[in-house]
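Work through these exercises with the model open. Try each task before you read its solution.

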Amino acid sequence: MIPRPSASDLEGLSSARWGLLVPHLRAALAAVTPGSASPAAERLRDAPPSALGSGRRRRELCRVVAEDELVWMELARRLDPLPDELAWVAGIGANDADEGDGGADGAGRPGAEGARLRERLREVQQERAELRRRLEGAEARAERAEQRARLAEADLARIEDERAELARAIEDADASRRRALERGERRAEGELERLRSELTALRRELGAVTTERDEARSRTSRVEADLAALRARPPVAPERAGRAVGLRPGRPSRLPPGVEDATTEAAELLLHPGRLVLIDGYNLTLRHRGHLDLAQQRAWLATTMAAFVARVRIRPVLVFDGERAGGNRTMPPARGVDVVFTSESVIADDEIVLAVEATDEPVVVVTDDQELRARVRALGADVVPTSNLLGVVGG
(Lines give C-alpha, C1' and ligand atoms only; values in the text may rest on other atoms or scores of the structure.)
Protein backbone atom coordinates (compact mmCIF):
# COMPACT_ATOMS: atom_id res chain seq x y z
CA MET A 1 0.00 0.00 0.00
CA ILE A 2 1.18 3.50 -0.74
CA PRO A 3 2.32 5.65 2.21
CA ARG A 4 -0.33 7.99 3.60
CA PRO A 5 0.50 11.68 2.79
CA SER A 6 0.01 14.51 5.19
CA ALA A 7 -2.36 17.43 4.58
CA SER A 8 0.58 19.76 3.95
CA ASP A 9 2.02 17.31 1.40
CA LEU A 10 -1.26 17.31 -0.51
CA GLU A 11 -1.62 21.10 -0.31
CA GLY A 12 1.88 21.42 -1.74
CA LEU A 13 0.99 19.52 -4.93
CA SER A 14 1.02 21.44 -8.19
CA SER A 15 -2.27 22.31 -9.90
CA ALA A 16 -1.56 19.71 -12.61
CA ARG A 17 -1.00 16.87 -10.13
CA TRP A 18 -3.89 17.91 -7.95
CA GLY A 19 -6.15 17.95 -11.03
CA LEU A 20 -5.12 14.32 -11.78
CA LEU A 21 -5.83 13.25 -8.21
CA VAL A 22 -9.21 15.00 -7.70
CA PRO A 23 -11.32 12.45 -9.68
CA HIS A 24 -10.01 9.60 -7.50
CA LEU A 25 -10.64 11.62 -4.34
CA ARG A 26 -14.24 12.29 -5.37
CA ALA A 27 -14.71 8.57 -6.18
CA ALA A 28 -13.35 7.64 -2.72
CA LEU A 29 -15.75 10.12 -1.03
CA ALA A 30 -18.67 8.69 -2.96
CA ALA A 31 -17.71 5.10 -2.06
CA VAL A 32 -17.74 5.71 1.70
CA THR A 33 -21.00 4.65 3.30
CA PRO A 34 -23.11 7.73 4.12
CA GLY A 35 -23.04 8.50 7.85
CA SER A 36 -19.82 6.57 8.54
CA ALA A 37 -17.40 9.30 7.32
CA SER A 38 -16.54 12.56 9.06
CA PRO A 39 -18.87 15.58 8.67
CA ALA A 40 -16.26 17.27 6.49
CA ALA A 41 -16.22 14.25 4.16
CA GLU A 42 -20.03 14.34 4.01
CA ARG A 43 -19.99 18.03 3.03
CA LEU A 44 -17.41 17.49 0.30
CA ARG A 45 -19.17 14.43 -1.15
CA ASP A 46 -21.52 16.52 -3.38
CA ALA A 47 -19.19 19.45 -4.06
CA PRO A 48 -18.56 20.09 -7.80
CA PRO A 49 -15.05 19.40 -9.17
CA SER A 50 -14.44 23.08 -9.85
CA ALA A 51 -14.97 23.86 -6.16
CA LEU A 52 -12.29 21.32 -5.15
CA GLY A 53 -9.60 22.72 -7.44
CA SER A 54 -8.36 25.46 -5.10
CA GLY A 55 -9.16 27.52 -2.06
CA ARG A 56 -10.91 26.50 1.12
CA ARG A 57 -12.54 23.36 -0.30
CA ARG A 58 -9.17 22.00 -1.51
CA ARG A 59 -7.55 22.54 1.91
CA GLU A 60 -10.52 20.91 3.60
CA LEU A 61 -10.31 17.89 1.28
CA CYS A 62 -6.55 17.54 1.98
CA ARG A 63 -7.28 17.36 5.72
CA VAL A 64 -10.03 14.77 5.20
CA VAL A 65 -7.63 12.51 3.24
CA ALA A 66 -4.93 12.87 5.92
CA GLU A 67 -7.27 12.40 8.93
CA ASP A 68 -10.35 10.37 7.85
CA GLU A 69 -9.35 6.72 7.89
CA LEU A 70 -12.30 5.48 5.86
CA VAL A 71 -11.68 8.00 3.08
CA TRP A 72 -7.97 7.16 3.02
CA MET A 73 -8.52 3.44 2.94
CA GLU A 74 -11.01 3.78 0.04
CA LEU A 75 -8.52 6.01 -1.84
CA ALA A 76 -5.59 3.62 -1.23
CA ARG A 77 -7.72 0.71 -2.45
CA ARG A 78 -8.58 2.54 -5.65
CA LEU A 79 -4.92 3.48 -6.27
CA ASP A 80 -3.62 -0.10 -5.87
CA PRO A 81 -1.99 -0.79 -8.20
CA LEU A 82 -0.88 2.80 -8.74
CA PRO A 83 -1.53 4.14 -12.28
CA ASP A 84 1.50 5.37 -14.19
CA GLU A 85 0.24 8.96 -14.34
CA LEU A 86 -0.02 8.88 -10.50
CA ALA A 87 3.33 7.19 -9.75
CA TRP A 88 4.43 10.31 -7.93
CA VAL A 89 1.76 9.71 -5.26
CA ALA A 90 4.00 6.99 -3.73
CA GLY A 91 6.69 9.54 -3.06
CA ILE A 92 4.45 11.92 -1.13
CA GLY A 93 4.01 9.72 1.96
CA ALA A 94 7.46 8.21 1.58
CA ASN A 95 9.08 11.53 2.41
CA ASP A 96 7.79 11.42 5.96
CA ALA A 97 8.70 7.72 6.37
CA ASP A 98 12.28 8.29 5.21
CA GLU A 99 12.74 11.24 7.51
CA GLY A 100 11.59 9.14 10.53
CA ASP A 101 14.06 6.38 9.72
CA GLY A 102 16.97 8.78 9.27
CA GLY A 103 16.25 10.41 12.54
CA ALA A 104 16.89 7.16 14.36
CA ASP A 105 20.46 6.43 13.27
CA GLY A 106 21.22 8.52 10.18
CA ALA A 107 21.88 5.38 8.12
CA GLY A 108 20.84 5.27 4.47
CA ARG A 109 19.97 8.98 4.30
CA PRO A 110 22.03 9.63 1.19
CA GLY A 111 20.21 6.86 -0.69
CA ALA A 112 16.73 8.03 0.35
CA GLU A 113 17.58 11.64 -0.41
CA GLY A 114 18.82 10.67 -3.87
CA ALA A 115 15.64 8.77 -4.53
CA ARG A 116 13.57 11.78 -3.52
CA LEU A 117 15.65 14.06 -5.70
CA ARG A 118 15.31 11.76 -8.69
CA GLU A 119 11.56 11.54 -8.10
CA ARG A 120 11.38 15.28 -7.76
CA LEU A 121 13.39 15.72 -10.96
CA ARG A 122 11.02 13.37 -12.74
CA GLU A 123 8.08 15.30 -11.42
CA VAL A 124 9.61 18.60 -12.49
CA GLN A 125 10.25 17.21 -15.93
CA GLN A 126 6.68 15.96 -16.15
CA GLU A 127 5.40 19.33 -14.95
CA ARG A 128 7.60 21.08 -17.48
CA ALA A 129 6.36 18.81 -20.25
CA GLU A 130 2.78 19.42 -19.10
CA LEU A 131 3.37 23.14 -18.92
CA ARG A 132 4.93 23.05 -22.37
CA ARG A 133 1.92 21.23 -23.74
CA ARG A 134 -0.39 23.66 -22.02
CA LEU A 135 1.70 26.58 -23.29
CA GLU A 136 1.64 25.22 -26.80
CA GLY A 137 -2.11 24.69 -26.53
CA ALA A 138 -2.52 28.20 -25.11
CA GLU A 139 -0.36 29.62 -27.89
CA ALA A 140 -2.38 27.70 -30.49
CA ARG A 141 -5.60 28.92 -28.92
CA ALA A 142 -4.22 32.44 -28.76
CA GLU A 143 -3.21 32.24 -32.42
CA ARG A 144 -6.67 30.97 -33.36
CA ALA A 145 -8.20 33.70 -31.25
CA GLU A 146 -6.02 36.30 -32.96
CA GLN A 147 -7.00 34.88 -36.35
CA ARG A 148 -10.65 34.99 -35.38
CA ALA A 149 -10.13 38.51 -34.12
CA ARG A 150 -8.52 39.52 -37.42
CA LEU A 151 -11.40 37.91 -39.32
CA ALA A 152 -13.86 39.63 -37.03
CA GLU A 153 -12.11 42.95 -37.59
CA ALA A 154 -12.18 42.34 -41.35
CA ASP A 155 -15.89 41.45 -41.15
CA LEU A 156 -16.50 44.54 -39.04
CA ALA A 157 -14.65 46.73 -41.54
CA ARG A 158 -16.61 45.15 -44.40
CA ILE A 159 -19.88 45.65 -42.55
CA GLU A 160 -18.95 49.26 -41.84
CA ASP A 161 -18.17 49.77 -45.55
CA GLU A 162 -21.47 48.15 -46.50
CA ARG A 163 -23.28 50.31 -43.97
CA ALA A 164 -21.64 53.44 -45.37
CA GLU A 165 -22.46 52.31 -48.93
CA LEU A 166 -26.08 51.64 -47.94
CA ALA A 167 -26.26 55.03 -46.27
CA ARG A 168 -24.96 56.67 -49.46
CA ALA A 169 -27.38 54.62 -51.57
CA ILE A 170 -30.27 55.62 -49.31
CA GLU A 171 -29.23 59.25 -49.52
CA ASP A 172 -28.92 59.04 -53.32
CA ALA A 173 -32.30 57.28 -53.52
CA ASP A 174 -33.89 59.99 -51.39
CA ALA A 175 -32.34 62.67 -53.58
CA SER A 176 -33.53 60.89 -56.74
CA ARG A 177 -36.99 60.49 -55.27
CA ARG A 178 -37.11 64.19 -54.40
CA ARG A 179 -35.96 65.14 -57.89
CA ALA A 180 -38.49 62.75 -59.45
CA LEU A 181 -41.26 64.23 -57.31
CA GLU A 182 -40.23 67.75 -58.29
CA ARG A 183 -40.14 66.79 -61.98
CA GLY A 184 -43.52 65.09 -61.64
CA GLU A 185 -45.00 68.15 -59.95
CA ARG A 186 -43.60 70.43 -62.65
CA ARG A 187 -44.96 68.16 -65.40
CA ALA A 188 -48.32 67.97 -63.65
CA GLU A 189 -48.46 71.74 -63.29
CA GLY A 190 -47.51 72.18 -66.95
CA GLU A 191 -50.09 69.61 -68.03
CA LEU A 192 -52.73 71.25 -65.85
CA GLU A 193 -51.95 74.64 -67.33
CA ARG A 194 -52.10 73.18 -70.85
CA LEU A 195 -55.44 71.55 -70.11
CA ARG A 196 -56.74 74.81 -68.70
CA SER A 197 -55.66 76.61 -71.86
CA GLU A 198 -57.26 73.93 -74.04
CA LEU A 199 -60.44 74.12 -71.97
CA THR A 200 -60.55 77.90 -72.39
CA ALA A 201 -59.98 77.55 -76.15
CA LEU A 202 -62.63 74.83 -76.39
CA ARG A 203 -65.08 77.01 -74.52
CA ARG A 204 -64.39 79.87 -76.90
CA GLU A 205 -64.74 77.51 -79.85
CA LEU A 206 -67.97 76.12 -78.41
CA GLY A 207 -69.31 79.63 -78.04
CA ALA A 208 -68.36 80.43 -81.63
CA VAL A 209 -69.88 77.17 -82.89
CA THR A 210 -73.04 77.83 -80.90
CA THR A 211 -73.27 81.32 -82.36
CA GLU A 212 -72.62 79.98 -85.85
CA ARG A 213 -75.25 77.29 -85.33
CA ASP A 214 -77.79 79.85 -84.22
CA GLU A 215 -76.95 82.07 -87.19
CA ALA A 216 -77.16 79.06 -89.55
CA ARG A 217 -80.55 78.17 -88.15
CA SER A 218 -81.69 81.75 -88.62
CA ARG A 219 -80.35 81.88 -92.18
CA THR A 220 -81.90 78.50 -92.93
CA SER A 221 -85.22 79.76 -91.69
CA ARG A 222 -84.91 82.82 -93.90
CA VAL A 223 -83.94 80.74 -96.93
CA GLU A 224 -86.81 78.36 -96.34
CA ALA A 225 -89.13 81.33 -96.02
CA ASP A 226 -87.74 82.80 -99.25
CA LEU A 227 -88.16 79.47 -101.05
CA ALA A 228 -91.66 79.15 -99.72
CA ALA A 229 -92.43 82.63 -100.99
CA LEU A 230 -90.97 81.76 -104.38
CA ARG A 231 -93.01 78.62 -104.57
CA ALA A 232 -96.10 80.60 -103.62
CA ARG A 233 -95.72 82.95 -106.60
CA PRO A 234 -98.06 81.93 -109.39
CA PRO A 235 -95.99 80.95 -112.40
CA VAL A 236 -96.91 82.00 -115.84
CA ALA A 237 -98.73 79.24 -117.58
CA PRO A 238 -96.18 77.31 -119.64
CA GLU A 239 -98.55 76.90 -122.54
CA ARG A 240 -99.11 80.64 -122.84
CA ALA A 241 -95.48 81.50 -122.43
CA GLY A 242 -94.46 78.82 -124.91
CA ARG A 243 -96.86 80.11 -127.45
CA ALA A 244 -95.63 83.68 -126.91
CA VAL A 245 -91.95 82.95 -127.29
CA GLY A 246 -91.97 79.76 -129.29
CA LEU A 247 -90.76 77.53 -126.45
CA ARG A 248 -92.01 74.02 -125.95
CA PRO A 249 -93.22 73.68 -122.32
CA GLY A 250 -91.48 71.20 -120.00
CA ARG A 251 -88.42 70.73 -117.85
CA PRO A 252 -86.01 71.41 -119.36
CA SER A 253 -87.51 73.74 -121.91
CA ARG A 254 -87.20 72.88 -125.59
CA LEU A 255 -85.94 75.72 -127.80
CA PRO A 256 -87.56 76.35 -131.17
CA PRO A 257 -85.80 75.00 -134.23
CA GLY A 258 -82.93 77.21 -135.34
CA VAL A 259 -82.22 78.63 -131.86
CA GLU A 260 -78.90 77.47 -130.43
CA ASP A 261 -78.37 76.82 -126.74
CA ALA A 262 -76.00 79.13 -124.78
CA THR A 263 -76.80 82.13 -126.99
CA THR A 264 -78.36 85.51 -126.29
CA GLU A 265 -81.37 84.53 -128.46
CA ALA A 266 -81.89 81.41 -126.33
CA ALA A 267 -81.57 83.52 -123.19
CA GLU A 268 -84.24 85.94 -124.45
CA LEU A 269 -86.63 83.02 -124.97
CA LEU A 270 -85.89 81.42 -121.57
CA LEU A 271 -86.16 84.68 -119.58
CA HIS A 272 -89.83 85.17 -120.22
CA PRO A 273 -92.30 86.66 -117.68
CA GLY A 274 -92.98 84.51 -114.64
CA ARG A 275 -89.85 82.37 -115.07
CA LEU A 276 -87.93 81.51 -111.83
CA VAL A 277 -84.27 82.53 -112.39
CA LEU A 278 -81.51 81.45 -109.92
CA ILE A 279 -78.37 83.54 -110.40
CA ASP A 280 -74.93 82.38 -109.13
CA GLY A 281 -74.12 85.83 -107.72
CA TYR A 282 -70.34 86.03 -107.23
CA ASN A 283 -69.73 83.79 -110.27
CA LEU A 284 -71.33 86.54 -112.39
CA THR A 285 -70.04 89.66 -110.60
CA LEU A 286 -66.44 88.53 -110.24
CA ARG A 287 -66.31 87.73 -113.95
CA HIS A 288 -67.94 90.97 -115.16
CA ARG A 289 -67.34 93.48 -112.29
CA GLY A 290 -64.28 92.05 -110.59
CA HIS A 291 -62.66 95.49 -110.22
CA LEU A 292 -65.32 96.44 -107.65
CA ASP A 293 -65.39 95.29 -104.03
CA LEU A 294 -67.94 92.65 -103.10
CA ALA A 295 -70.52 95.03 -101.70
CA GLN A 296 -70.36 97.15 -104.88
CA GLN A 297 -70.63 94.00 -107.00
CA ARG A 298 -73.76 92.90 -105.16
CA ALA A 299 -75.31 96.38 -105.45
CA TRP A 300 -74.62 96.53 -109.21
CA LEU A 301 -76.19 93.13 -109.85
CA ALA A 302 -79.28 93.85 -107.72
CA THR A 303 -79.83 97.21 -109.44
CA THR A 304 -79.35 95.71 -112.92
CA MET A 305 -81.83 92.91 -112.27
CA ALA A 306 -84.37 95.27 -110.70
CA ALA A 307 -84.32 97.38 -113.88
CA PHE A 308 -84.86 94.27 -116.00
CA VAL A 309 -87.72 93.04 -113.79
CA ALA A 310 -89.44 96.35 -114.32
CA ARG A 311 -89.55 95.52 -118.05
CA VAL A 312 -89.90 91.73 -117.97
CA ARG A 313 -91.57 90.25 -114.90
CA ILE A 314 -89.21 87.36 -114.24
CA ARG A 315 -88.60 86.13 -110.67
CA PRO A 316 -84.85 86.52 -110.05
CA VAL A 317 -83.11 85.12 -106.95
CA LEU A 318 -79.49 86.29 -106.33
CA VAL A 319 -77.56 83.61 -104.37
CA PHE A 320 -74.30 84.72 -102.68
CA ASP A 321 -71.77 82.77 -100.53
CA GLY A 322 -72.44 83.96 -96.99
CA GLU A 323 -68.90 83.09 -95.84
CA ARG A 324 -67.34 85.31 -98.51
CA ALA A 325 -69.69 88.17 -97.65
CA GLY A 326 -68.68 87.97 -93.99
CA GLY A 327 -70.43 90.46 -91.75
CA ASN A 328 -71.01 92.95 -94.59
CA ARG A 329 -74.24 91.87 -96.25
CA THR A 330 -75.73 95.28 -97.05
CA MET A 331 -77.85 95.45 -100.20
CA PRO A 332 -79.63 98.40 -101.88
CA PRO A 333 -83.40 98.15 -102.23
CA ALA A 334 -84.16 96.15 -105.39
CA ARG A 335 -87.87 95.81 -106.17
CA GLY A 336 -88.84 92.37 -107.40
CA VAL A 337 -85.36 90.90 -106.69
CA ASP A 338 -84.81 88.31 -103.94
CA VAL A 339 -81.36 87.96 -102.33
CA VAL A 340 -80.10 84.85 -100.45
CA PHE A 341 -76.86 84.61 -98.44
CA THR A 342 -75.87 81.04 -97.65
CA SER A 343 -74.73 79.99 -94.21
CA GLU A 344 -70.94 79.93 -93.68
CA SER A 345 -70.87 76.15 -93.99
CA VAL A 346 -72.85 76.09 -97.28
CA ILE A 347 -71.61 77.31 -100.69
CA ALA A 348 -73.84 79.02 -103.26
CA ASP A 349 -73.63 76.06 -105.65
CA ASP A 350 -75.24 73.73 -103.08
CA GLU A 351 -77.88 76.30 -102.24
CA ILE A 352 -78.83 76.62 -105.96
CA VAL A 353 -79.00 72.84 -106.40
CA LEU A 354 -81.22 72.62 -103.31
CA ALA A 355 -83.56 75.29 -104.75
CA VAL A 356 -83.79 73.44 -108.09
CA GLU A 357 -84.65 70.21 -106.29
CA ALA A 358 -87.29 71.99 -104.20
CA THR A 359 -89.50 73.03 -107.13
CA ASP A 360 -91.22 71.22 -109.99
CA GLU A 361 -91.72 74.29 -112.19
CA PRO A 362 -89.35 75.25 -115.02
CA VAL A 363 -86.28 77.06 -113.63
CA VAL A 364 -83.33 78.89 -115.19
CA VAL A 365 -79.87 78.82 -113.59
CA VAL A 366 -77.39 81.56 -114.58
CA THR A 367 -73.75 80.49 -114.07
CA ASP A 368 -70.48 79.82 -115.85
CA ASP A 369 -69.40 77.15 -113.33
CA GLN A 370 -69.14 73.93 -115.34
CA GLU A 371 -69.70 71.65 -112.37
CA LEU A 372 -72.82 73.55 -111.26
CA ARG A 373 -74.12 73.59 -114.85
CA ALA A 374 -73.82 69.81 -115.02
CA ARG A 375 -75.52 69.31 -111.65
CA VAL A 376 -78.59 71.46 -112.42
CA ARG A 377 -78.92 70.14 -115.99
CA ALA A 378 -79.20 66.67 -114.48
CA LEU A 379 -82.17 67.98 -112.46
CA GLY A 380 -83.92 69.41 -115.58
CA ALA A 381 -83.01 73.09 -115.15
CA ASP A 382 -82.30 75.42 -118.08
CA VAL A 383 -78.80 76.96 -117.99
CA VAL A 384 -77.87 80.43 -119.22
CA PRO A 385 -74.28 81.72 -119.33
CA THR A 386 -73.66 84.99 -117.45
CA SER A 387 -72.69 86.88 -120.61
CA ASN A 388 -75.97 85.87 -122.30
CA LEU A 389 -77.93 87.15 -119.29
CA LEU A 390 -76.16 90.49 -119.42
CA GLY A 391 -76.75 90.59 -123.19
CA VAL A 392 -80.52 90.31 -122.51
CA VAL A 393 -80.83 92.61 -119.46
CA GLY A 394 -78.37 95.17 -120.86
CA GLY A 395 -75.94 95.18 -117.92
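Helices (H or I, at least four residues) and strands (E, at least two) are DSSP runs, numbered from the N terminus. This is a predicted model: local features need pLDDT of at least 70, side-chain atom pairs count only at pLDDT 80 or more, and totals for chains, interfaces and linings use all residues. Residues are numbered from 1 along each chain as its sequence is written, and side-chain values use heavy atoms, with hydrogens and water left out.

**Exercise 1.** Find which helix gives the largest share of the lining of the second largest pocket.

*Solution.* 
- Start with the term: on a 1 Å grid over the protein atoms alone, a pocket is an open set of points where a 1.4 Å probe fits, with protein on both sides within 12 Å along at least five of seven lines; lining residues have an atom within 4 Å of a point.
- The second largest pocket has 13 lining residues. Nearest its centre are Leu20, Glu85, Gln126, Glu130 and Arg133.
- Both α2 (15-31) and α7 (109-232) supply at least two lining residues each.
- The largest share, 6 residues, is from α7.
- By class, the lining has 4 nonpolar, 1 polar and 8 charged residues. Ala, Val, Leu, Ile, Met, Phe, Trp, Tyr, Cys and Pro count as nonpolar, Asp, Glu, Lys and Arg as charged, and the others, Gly among them, as polar.

**Exercise 2.** Describe how α10 and α15 cross.

*Solution.* 
- Axes are lines fitted to C-alpha atoms, for helices over the stretch in contact, and angles run from 0 to 180 degrees between N-to-C directions.
- The axes of α10 (residues 281-288) and α15 (residues 386-393) come within 10 Å and cross at roughly 80 degrees.
- α10 and α15 are therefore roughly perpendicular to each other (65 to 115 degrees).
- In contact (heavy atoms within 4.5 Å), Asn283, Leu284, Arg287 and His288 of α10 meet Thr386, Ser387, Leu389 and Leu390 of α15.
- These contact residues split into 3 nonpolar, 4 polar and 1 charged.

**Exercise 3.** Which residues does a cis peptide bond join?

*Solution.* 
- Most peptide bonds are trans.
- Here, a cis bond joins Asp80 and Pro81, with omega about 0 degrees.
- Pro81 is in the loop between α5 (69-78) and α6 (89-105).

Conventions:
Angles under 35 degrees count as roughly parallel, over 145 as roughly antiparallel, 65 to 115 as roughly perpendicular and the rest as oblique.
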